[in-house]
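Let's take a friendly walk through a protein model, going from the overall fold to a few side chains. Have your viewer ready.

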Amino acid sequence: MEEPNGQVWEFLKGVNGLKQGGATFFKTLLAAMQEFGFRSASADDCVLVYRETSDGSAGRPPKGNESIIVVLTVVDDLVEVGNDKTLLRRVIDHLKTKFEVTEDGTLDWFLNV
């Protein structure tokens, strides 16, 4: 690859190993999650929350009549928890349309650093 003389190159995609790679991935992930209806938690942008009423409408439903999914993002790993397995499956299926996803099963422990 030749170095351009007096020009600056801009990568259109994040490249693994570069400083901005993680930020680029998170920006892309956040856009995909917001497309589904997720919102970042007010205390931490890396915690994404989705709520849905029993009639399927998103938003803030009355207590006791809601499904909730919380997604924790750690670099390029996600931890999904929720009270509705069908909704959780829909979220995972949505992510599979946007990213290459591997499901590693049940979380045994989580180290909070």
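We begin with the whole chain and then turn to two places in it.

This is a predicted model, where local features need pLDDT of at least 70, side-chain atom pairs count only at pLDDT 80 or more, and totals for chains, interfaces and linings use all residues. Residues are numbered from 1 along each chain as its sequence is written, and side-chain values use heavy atoms, leaving out hydrogens and water.

The protein chain holds two helices and four strands, arranged α-β-β-β-β-α from the N terminus on. Here helices (H or I, at least four residues) and strands (E, at least two) are DSSP runs, numbered from the N terminus. Of the 113 residues, 21% are buried, where buried means under 20% relative accessible area, exposed over 50%, and partly exposed in between (1.4 Å probe, protein chains only).

Now look at glutamate 103, in the segment after H2. Glutamate 103 counts as partly exposed because its relative accessible area is 42%. Setting aside residues up to four places away in sequence, glutamate 103 touches Arg89, Ile92 and Lys96; contact means heavy atoms within 4.5 Å. The side chain of glutamate 103 makes a polar contact of 2.8 Å with the side chain of arginine 89, and another polar contact, also 2.8 Å, joins it to the side chain of lysine 96. Such a contact is a pair of N or O atoms within 3.5 Å; within protein, one must be able to donate a hydrogen and the other to accept it, and residues adjacent in sequence count only if both atoms are side-chain atoms.

Finally, phenylalanine 110 also lies in the segment after helix H2 (85–98). Phenylalanine 110 is partly exposed, with a relative accessible area of 43%.
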